[in-house]
Amino acid sequence: MLESVTSLDVEERQRLEPHDALETKMEVVGLDAWYSTKQALVDVNLNVRSNKVTAIIGPSGCGKSTLIRCLNRMHELVPGSRVTGSVLLDGKNIYGSDLDAVDVRRRVGMVFQKPNPFPNMSIADNVTAGLKLAGVKDESSMKEVERRTLERVGLWDEVKDDLKRSGASLSGGQQQRLCIARALAIEPEVLLMDEPCSALDPTATAKIEQLITSLKQTYTVVIVTHNMQQAARIADYTAFMYLGKLIEYDETTTLFENPRQELTERYITGKFG
Amino acid sequence: MARLMDMGLNQLNTMLLDMSSLSQTAVAASIDAYSKGGRGSEVRKMAERLQALHRQVSDLSMEVIARYQPVASDLRFIKACFEISYGFFRYGRYALDIVEVLEIFGDLAKCDRSAVVDTAKVTQEMIRMSADAFARRDVNLARKIPAMDDTVDESYRNNLMKVMNAKGNLKCSLSGTLILRYLERIADHATYIGESVDYIVTGIEPTA
């Protein structure tokens, strides 16, 4: 089945090489990934531009979550998993022997589908949990990080008077922003988001989308989403995946207005299957 | 399985085909009135109906966008609907303008009408081609229209030069000039409709 789907051809890959004005933050080169004997990614090649939002869309099981987990070496945490090919972060292979997986995950943070604040920790402790794990002990700098990151995600005014409250007591949308604050507290360079709004109502979703759009000034963002309208709203670039292959990757406006691949056209117009 | 959006898209397509047919009839009736000396009184109602349909197409297009957030070829079709519907509406409006010229100028039986009638034949062929290109999403046919636009433009310019140097019947030259101007505008809209068909099928935007 995998062989019947054409991925990006050489000409399209060349066309999508970053222009001089657009720096590449991460470059996926010939990436294959497996869960035991099942191949989940097939020869994926993708340039993630600096300070842009890149969305990955595709039907369930197409490999988009696997791909995003390969970008910070979380895929290898699954027993029996395997990766070949390379993922370059600022030109250095994150799977190379000279880069530590923990350091990679510090530089490439992740926010998950379901808000997952540490339930037994306060709001403040949730924000600084990563810093404490990294050995930071200075109280005043912790306070500074708490305030700065909670302000960054638009949560400070809502929680500043009750920072000792449990993170789990917040609403779903607030919890997700808290998780984003926790990811930002350790100052990553890239933020990966795996369906960050799928458990949220439209109001909370709108706040997260506004936040993502503002975050790209400082960070490079890669988001997996089932919601094509969300990709169209917030992403600068969109990649469409199917059966483990990258079928099409282009500027979001082009991909949604005039896709080059018939498969993309059929998927985004709902004529699939 | 048909998508919910298909109902709206099919309705838009049907409305545009109705407009296409009605606008061709309206222009034919106005040219007939000029060449054969009729009044073309039925054209006004057709033009009004085309205006109403144009508004309905705009409303339905907006509704489909609001409800279904179309993308790719669906989005291109809706974007093109605005241009195509406007083109058909303008065909009707210019047909009415021609009829109004006849109302103002009265009997033109003694005028040499050959230049206008010849240009009208080209223009009507352009209208037919634009309508067929839309109905069949025929890019090749759509791409033949711009060359014909040059013929109509040239006829209009030649007539202007003739009028400027002429010593003949002012009523004939003025009515002929006005009608040729309307035909020239119709030809432009036929070209725009052809470009919109191209855009629906290929995604290629017309160059300015």
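**Starting from B:Ala72**

Tutor: B:Ala72 counts as buried, because its relative accessibility is 0% and the cut-off for buried is under 20%. Keep in mind that this is a predicted model. B:Ala72 sits in helix α3 of chain B. Its backbone deserves a look. Phi is near 50° there, a positive value in a residue that is not glycine.

Now step back to the chain around B:Ala72. Chain B has seven helices and zero strands. Its pattern along the sequence is therefore a plain run, α-α-α-α-α-α-α. The C-alpha trace spans about 65 × 35 × 20 Å along its principal axes. B:Ala72 is one buried residue of chain B. B:Cys81 is another, with a relative accessible area of 1%. Look at the contacts as well. Take those in chain B between residues at least 6 apart in sequence: 83% of them join residues at least 24 apart.

Next, the cysteines. A search of the whole structure turns up one disulfide over all chains. It joins B:Cys111 to B:Cys172, with 1.8 Å from S to S. The angle about the S-S bond is -80°, and the link is left-handed. The pair ties together distant parts of the chain, 61 residues apart. B:Cys111 lies in the loop between α3 (72-105) and α4 (114-136) of chain B. B:Cys172 lies in helix α7 (residues 170-202) of chain B. Both ends are buried. B:Cys111 has 12% relative accessibility, and B:Cys172 has 17%.

The cut-off for a disulfide is 2.5 Å.

A:Asp90 lies in a loop, between β4 (81-89) and β5 (92-93) of chain A. A:Asp90 is partly exposed, with a relative accessible area of 42%, whereas B:Ala72 is buried.

Last, a piece of helix packing in chain A. Helix α4 (residues 123-133) and helix α7 (residues 172-185) of chain A pack at an angle of about 30°, and their axes are 7 Å apart. The crossing is right-handed. From α4(A), A:Ile123, A:Asn126, A:Val127 and A:Leu131 make the contact. From α7(A) come A:Leu178, A:Ala181, A:Arg182 and A:Ala185. These residues divide into six nonpolar, one polar and one charged.

A:Thr149 touches residues from both of those helices. A:Thr149 itself is found in helix α5 (residues 139-152) of chain A. Setting aside neighbours within four places in sequence, A:Thr149 contacts A:Val127, A:Ala181, A:Leu184 and A:Ala185. A:Thr149 is buried, with a relative accessible area of 5%. Its C-alpha atom is separated by 15 Å from that of A:Gln217, 68 residues apart along the chain.

Note on methods. Residues numbered from 1 in each chain as written. Chains lettered and ligands numbered in written order. Predicted model: local features only at pLDDT ≥ 70, side-chain atom pairs only at ≥ 80, totals over all residues. Heavy atoms only, no water. Axes fitted to C-alpha atoms, helices over the stretch in contact; angles between N-to-C directions. Helix = DSSP H or I, 4+ residues; strand = E, 2+ residues; numbered from the N terminus. Left-handed = near helix turned anticlockwise from the far one by under 90°. Contact = heavy atoms within 4.5 Å. Nonpolar A, V, L, I, M, F, W, Y, C, P; charged D, E, K, R; others polar. Buried < 20%, exposed > 50% of the residue type's maximum accessible area, 1.4 Å probe, protein only.
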